[in-house]
Structure formats: C-alpha cells, structure tokens
Amino acid sequence: DINKLKGHIPDAVIAMLPDTMAKFKIDTPVKLAHFLSQCGHESGGFKITQENLNYSAKGLMGIFKKYFPDESTANAYQRNPEKIANKVYSNRMGNGTESSGDGYKFRGRGFIQLTGKDNYTAFGKSINEDIASKPELVGTQYALLSAAWFFSKNCLKKCVDASDNTVLAVTKCVNGGTIGLDDRKKHFKEYYNL
C-alpha cells in the first residue's frame, strides 16, 4: 500500500506513483523502494528538480577536475552555472559544442536529474511529446515521470533484492559513482520497510 509512504515523501509524488509505476514496470516493493530512495537522494527529498551548477573554482576543480584541471581555467567559469553546464556537458549525450548552449539547455532536471539532449529526446518520444523543444518541463511537469523513464531504461534490471550490494549497483547506475551511498541505503531501508 503506497499510502504508507505518507509523511515520508510528498503527497503530490504519492498521487502520481500508481500511473508511473504501471507505465514503467516499477511493480514490486523492492523496485519501488530502490526507485524512491534514488529519487529522494538526487532531488534533496523530492524538492530539487533542477541541477545547481553554481560552483566556486575550488568546487569545479574537485567535482569536474577533467574539465577544470587548473585554477585559471576554473576561475574563468566559477559561479556561472550556464557557462559551467555548457562546458562540462558539451559534445556528449547528444549535446553540441560548448557554444551551442545545449549543455545548459539539457542540464540535469527531474527527480533523477535527466541530463543531455539524447535523454531528453528519448524521454519525450516515450510520452509522445517534443521535450527537446520544451526541456524545462522535465523539471516541472515531468519530474517523476522522467526519473521513472530513466530508471526503468537503465537501472530497473539491477533491482534484484534488498541487499546493500544492490543499493550500491543501483546507485552507480543512477549517479555514475557512489556519491551519497549511505543516505541512499538509509532511505532504501526506510521505504522498503514501509
């Protein structure tokens, strides 16, 4: 009964779960707990639906070392989210060059931070809507649906059980690494027990 999640995740999210779960086959307690714990972590408790790229030079050199290998490069981009996104997301995930503006246009949005023109376009096709021309909808109207699409396409098959190893595998699928693993484990256990 998903109503047991009341007070743990927002009512607006709970209301959208039945249709979303059915559409993307997130159809067991294990799969749902994995999905919700990842969404909850990536979105700061279902509150943040747009990536914050407002980094200092030091932050850029730590998080995006590959793109900002030295202080002078990082200083030229610090505290400029649009410029940062256009650099780190250029020429990949279907995005054009840095000057195209695609990096910022298709930055992380939704509860799992869907990123890149290819993902936006494919998600749009799955719901029969031209999302690439209205990317802001991923962070507003489709925050949960876009997350479910990404999760179903990429991570659902990893949701084999309730073990810490499975939480680790799903986290790597969603995050590309293990950032926030302890928080994701904590929320997985909480949602799974409910």
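User: At roughly what angle do the axes of α2 and α8 cross?
Analyst: This is a predicted model. In it, the axes of α2 and α8 come within 11 Å. Their crossing angle is roughly 120°.

User: Is the crossing of α2 and α8 left-handed or right-handed, and which residues of α8 make the contact?
Analyst: The crossing is right-handed. On the α2 side, the contact is made by Lys31, His34, Phe35, Gln38 and Cys39. On the α8 side, the residues are Leu144, Ala147, Ala148 and Phe151.

User: Which cysteine does the disulfide join to Cys155?
Analyst: The structure holds one disulfide. Its sulfur atoms lie 2.1 Å apart, and the cut-off is 2.5 Å. The partner of Cys155 is Cys173.

User: How many residues apart in sequence are the parts that the pair Cys155 and Cys173 ties together?
Analyst: The disulfide joins Cys155 to Cys173. Cys155 lies in the loop between α8 (143-154) and α9 (164-175), whereas Cys173 is in helix α9. The pair therefore ties together parts separated in sequence by 18 residues.

User: Is the disulfide of Cys155 and Cys173 left-handed or right-handed?
Analyst: The handedness follows from the torsion about the S-S bond. That torsion is about -85°. The disulfide is therefore left-handed.

User: Why is Cys39 too far for a bond, and which cysteine holds the closest sulfur?
Analyst: A disulfide needs sulfur atoms within 2.5 Å. The sulfur of Cys39 is 10 Å from the closest cysteine sulfur, so that is too far for a bond. Cys39 is also buried, at 0% relative accessibility. The closest sulfur belongs to Cys155.

User: How far from Cys159 is the nearest cysteine sulfur?
Analyst: Cys159 is buried, at 7% relative accessibility. Cys159 is in no disulfide. The nearest cysteine sulfur is that of Cys155, at a distance of 7.3 Å.

User: Which helix holds Arg184, the salt-bridge partner of Glu42?
Analyst: The side chains of Glu42 and Arg184 meet at 2.7 Å, N to O. The pair ties together parts that are 142 residues apart in sequence. Glu42 lies in helix α2 (residues 29-42), and Arg184 is in helix α10 (residues 181-193).

User: Is Glu42 buried or exposed, and what is the relative accessible area of Arg184?
Analyst: Buried means under 20% relative accessible area. Glu42 has 18%, so Glu42 is buried. Arg184 is buried too, with a relative accessible area of 0%.

User: Which residue forms a salt bridge with Asp164?
Analyst: The closest N and O atoms are 2.9 Å apart. The pair links helix α9 to helix α10, 25 residues apart. Asp164 is partly exposed at 37% relative accessibility, and Lys189 is partly exposed at 42%. The partner of Asp164 is Lys189.

User: How far apart are the closest N and O atoms of Lys6 and Asp11?
Analyst: Both residues are partly exposed, Lys6 with a relative accessible area of 45% and Asp11 with 47%. A salt bridge needs these atoms within 4 Å. Lys6 forms one with Asp11, at 3.6 Å.

User: How many salt bridges does the count come to?
Analyst: Those of Lys6 with Asp11, Glu42 with Arg184 and Asp164 with Lys189 are among them. The count of salt bridges comes to five.

Technical notes
Residues are numbered from 1 along each chain as its sequence is written. This is a predicted model: local features need pLDDT of at least 70, side-chain atom pairs count only at pLDDT 80 or more; totals for chains, interfaces and linings use all residues. Side-chain values use heavy atoms; hydrogens and water are left out. Helices (H or I, at least four residues) and strands (E, at least two) are DSSP runs, numbered from the N terminus. Buried means under 20% relative accessible area, exposed over 50%, partly exposed in between (1.4 Å probe, protein chains only). Axes are lines fitted to C-alpha atoms, for helices over the stretch in contact, and angles run from 0 to 180 degrees between N-to-C directions. A crossing is left-handed if the near helix is turned anticlockwise from the far one by less than a right angle, and right-handed if clockwise. Contact means heavy atoms within 4.5 Å.
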